[in-house]
Every structure is written in C-alpha cells, then in structure tokens.
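Hi,

Here is the structure I promised to pass on. Have a look at it first, and then read my notes below.

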Amino acid sequence: MEKEFEILEWDSQFFGFNVAKVKKDLLLKNPDTPKLFETLDSQKVKLAYSINSSELFNASQNLYEIKYIVKRIPLQKKVEKVYPIHPNINLYEERTVDPSLIKLAQLAGRQGRFGQDPNIPLELCDKIFESYIVNSVNKKMASHILTYRVEGEIVGFATIDIREDKGYTPLFAVNRAFEGKGISFALMRAAETILKEENCPIAVGGTQKLNVKALKVYQRFGLIPQEPEYVYHLWKK
C-alpha cells in the first residue's frame, strides 16, 4: 500500500521538528482522515503539507489545524527552441552566494506558500529561501542557476532542476525596479535553451493564482496552465 505521507528530511532539519508531505488528494478521498492525523501525531509531525485538486476548508480538529494557504497554478510547456542568450545572462558559477541573489530568492519566497502562512514569520520565510538559494548554488536543489545582471548587479534569476525528463524552475524572480524591461522573457528563453541542450522535453513552472501579472507573463511565453492545486498546511496544536 502506498504511504499516506513521507517525512521530509531537509524541511525537518531546517525547522528543527518533523515535517511531512501528505499524499496528494488524501484529505479529499480518504474516509479515515482522523487516523491520518493520529499517525502523523505518532510520528511527532508538527507540520504537514497537503496538496489537493479541489478546495477544502479551514478546519480545526483534536490534533491538527487545517489551514488553507494558496491556490497554485502549475504551468507546462513543450521544450522546442534554442534561443540566442541575452548578453546580460550568465550561468552562476560562483561558490559563494551574491547578496543580490539572496534578496531575489527571498522576494520569490514571500510570494509563495511559506510567505503566505501566518504561522511562519517573514524573518523565518526569508531564512528558508536564503537556505534554498545556498543549496541551489551548491547543486543540491538545482542543476543550473541563470542570472541577469545590470552594471554588475543581479536583478533577475531563475533556478533549473531537471528531474525525470522535466525541467522545473522552483525559484524565479526579477527585481521590482526592473520589471517591464523584458528580463523575465530573456530568462525564460535562456532556460528553455538549456533544457533543449540537455534533451529535456518538458518545462514546468508555477505561480500563485493571486499573482496575475506573473501568470500573464508565463502564458505569453507559451506556458499552459494546468489544473489548479490547493495547498494546505496542517499544524499540530
């Protein structure tokens, strides 16, 4: 029988307590949901992530609080072209992490589910994404990092993680002062070029439903919205 949840090693180490990911749609389909909470509690899970294809509701039961966080729109595109790389774009090869890269990663994080969870202070959210970008530079969470520089400063970036013939872009951000200058499109073209060169057939991204501007940009580039995902955090009382 497939596991109902898995303990996430990186997240657990970062938070200092057990964090789990519940099987997708389990809360929607499982008639024995109370048993799930009992099992999570027996494993000392303080926080669990639950992704569902339909909306649930905020609820509180004996062991856990079910808290709706965000509606996420997955995006997908067939990798087709090799584009000329914009001269301001380079692969990030440094071993240390540029402070501008950290700030951009934190900007991306604050727009996501950790930034939207009221149980996670923004200072902690920022630390999460500082750690994410450090681990991306160390090749633990990304295979490639693309940066867009203006006068030496990193004003936009995208990480790429190739897994199972799909190229994911878990972190993507442009400095707000440089929005509307074509940087997002330049980064997306460079990312598609890398995926094509790596013989990766599918590009995968995602954004929050509320982030209308980003959603429009992705769609203009040809990324096709998939069925929405409703993200919930289950917090131990």
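A quick definition before anything else: a polar contact here is a pair of N or O atoms within 3.5 Å, where one must be able to donate a hydrogen and the other to accept it. Please also keep in mind that this is a predicted model.

The side chain of H233 makes a polar contact with the side chain of R113, at 2.9 Å. You'll find H233 in strand β13, which covers residues 229–236. Is H233 buried or exposed? With 0% relative accessibility, H233 counts as buried. Leaving out residues up to four places away in sequence, H233 touches a list of residues including L47, Y49, E65, K67, R113 and F114.

Now go over to N119, in the loop between α5 (113–116) and α6 (122–137). N119 and H233 are 114 residues apart in sequence, yet their C-alpha atoms are 9.6 Å apart in space. N119 has 36% relative accessibility, so N119 counts as partly exposed. Beyond its neighbours within four places in sequence, N119 is in contact with E65, K67 and W235.

Next, the aromatics. How many aromatic pairs does the structure hold? There are 13 of them. Take F37 and Y64: the ring centres are 5.7 Å apart and the planes sit at 25 degrees, so this pair is stacked. F37 belongs to helix α3 (residues 33–42) and Y64 to strand β5 (residues 64–78), so to speak two distant parts of the chain, 27 residues apart, linked by the pair. F37, at 3% relative accessibility, counts as buried, and Y64 counts as buried at 0%.

Y83 and F221 make a tilted pair, because their ring centres are 6.3 Å apart and their planes are at 40 degrees. Y83 is in the loop between β5 and β6 (89–91), and F221 is in the loop between α8 (212–220) and β12 (224–225), so the pair ties together parts 138 residues apart in sequence. Both Y83 and F221 are buried. F221 has a charge over its ring as well: the charged end of K77 sits there, 5.2 Å from the ring centre.

Two more things to look up. R163 lies over the face of Y168, 4.2 Å from the ring centre. And ring pairs link W10, F14, F15, F17, Y49, F114, F129 and Y132 into a cluster; Y49 and F114 are also among the residues that H233 touches.

Cheers

Conventions: Residues numbered from 1 in each chain as written. Predicted model: local features only at pLDDT ≥ 70, side-chain atom pairs only at ≥ 80, totals over all residues. Heavy atoms only, no water. Phe/Tyr/Trp six-rings, centres within 6.5 Å; stacked < 30°, edge-to-face > 60°. Helix = DSSP H or I, 4+ residues; strand = E, 2+ residues; numbered from the N terminus. Buried < 20%, exposed > 50% of the residue type's maximum accessible area, 1.4 Å probe, protein only. Lys NZ or Arg CZ within 6 Å of the ring centre and 35° of its normal. Contact = heavy atoms within 4.5 Å.
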